[in-house]
Amino acid sequence: MKIVVENLTYTYMKKTVFEKMAIDNLTITIPDGQFLGIIGPTGSGKSTFIQHLNGLLIPDSGKISVDGINVEKKNFRALRNKVGIVFQYPENQLFEETVYKDIAFGPIQQGLNAEEVSERVFYAISCVGVKKDLLEKSVFDLSGGQKRRVAIAGILAMNPQILILDEPAAGLDPQGKNEILGYIDKLHKENNLTIILVSHSMEDIAQYVERIVVFDEGKVYADGTPIDIFAGDASLKKIGLSTPQVTTLMKRLKQIEPSVNDRIITVEEAVKELYKILK
Ligand SMILES: Nc1ncnc2c1ncn2[C@@H]1O[C@H](COP(=O)(O)OP(=O)(O)OP(=O)(O)O)[C@@H](O)[C@H]1O
Ligand SMILES: [Mg+2]
């Protein structure tokens with residue numbers, strides 16, 4: 001399920017005064033089963049990029065292939081079956097009368113029979129912790145966090161091998177956020193799904209992903225492990241991005257106590273390091 005993107009370029013509103021090059025000659029390979037994080041300033045092309053991966057947008061130039069399938073109009077259906085995209089505030093797109101019907105919509109479109117659809121729905125809710133007794137409720141009776149999970153379940157029910165999420169935790173309280181991200185992490189670890197997580201939260205990115213690609217002005221600004229990107233010298237400040245707060249803290253501590261390891265990006269690691277120092 002490898003994704004190969006070569007020299008991708010995409011411009012909105014071509015040949016108008018509003019013309020805007022959103023992706024500029026971007027090349028990137030995403031191996032099967034990777035948990036990738038994409039960060040970058042507002043307007044750097046993150047959402048535009050991910051919409052290319054299932055054919056919602058077609059490149060102006062360059063090539064994209066997903067598991068050997070070229071992204072082009074005629075391959076729409078095959079791509080949609082492999083790549084599931086959860087857009088920002090996906091709950092705004094819930095529209096069926098019941099939770100069940102909403103989650104079942106995708107698998108029905110895929111042509112599955114009633115029994116297969118039902119299996120997919122139950123599987124999908126188990127992946128995101130939605131209880132069975134919610135299935136006959138109206139989506140409008142659910143809490144914000146529940147709606148978000150139902151929307152993600154609707155994508156999972158299509159059984160994608162690549163799951164792309166654009167700010168899946170935006171607007172949720174800390175507990176709701178950790179739960180959703182925990183479920184996504186589990187899908188990666190237990191089902192070997194390739195995950196692409198777009199987020200403005202450096203803390204969330206640091207905690208979950210294996211690799212970070214930093215976008216700026218439609219280009220890859222940096223690409224590396226979370227430790228290298230956040231604790232190394234990726235000069236995120238120059239493009240208006242920050243590092244996780246705990247990394248900033250550890251760097252300050254190192255100025256006072258040089259033996260401190262400041263290549264630290266999560267609170268858990270920081271606690272361990274501090275215990276070591278205090279011993
Ligand atoms: N439908 C559109 N029509 C015209 N221009 C667009 C459209 N969507 C995005 N753009 C422009 O393309 C550029 C890239 O936008 P994009 O939404 O991909 O950025 P982003 O990195 O996802 O930003 P954010 O962090 O705010 O979500 C921006 O300059 C944006 O204004
Ligand atoms: Mg965006």
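Me: What is the order of the four strands in the open sheet, and how are they paired?
Reply: In this predicted model, the order is β2-β1-β4-β5 and the pairing is antiparallel. Strands are DSSP runs of E of at least two residues, and helices are runs of H or I of at least four, numbered from the N terminus. Two strands count as paired if DSSP finds at least two bridges between them.

Me: What makes β2 and β5 edge strands?
Reply: Each has a single partner strand, so one side of β2 and one side of β5 (69-70) have no neighbour in the sheet.

Me: How do you know that β1 and β2 pair?
Reply: Strand β1 (residues 3-12) and β2 share seven bridges in the antiparallel sense, and at least two are required. Y12 has K20 of β2 as its bridge partner.

Me: Why is α3 called oblique to α4?
Reply: The angle between α3 (residues 99-109) and α4 (residues 114-128) is about 120°, with the axes 9 Å apart. Axes are lines fitted to C-alpha atoms over the stretch in contact, and angles run from 0 to 180 degrees between N-to-C directions. Under 35 degrees is roughly parallel, over 145 roughly antiparallel, 65 to 115 roughly perpendicular and the rest oblique; α3 is therefore oblique to α4.

Me: Which residues of α3 make the contact with α4?
Reply: They are Y100, I103, A104, P107 and I108, where contact requires C-beta atoms, placed from the backbone, within 7 Å.

Me: How are residues numbered and chains lettered?
Reply: Residues are numbered from 1 along each chain as its sequence is written, and chains are lettered from A and ligands numbered from 1 in the order written. Local features need pLDDT of at least 70, side-chain atom pairs count only at pLDDT 80 or more, and totals for chains, interfaces and linings use all residues.

How values were computed: Contact = placed C-beta atoms within 7 Å.
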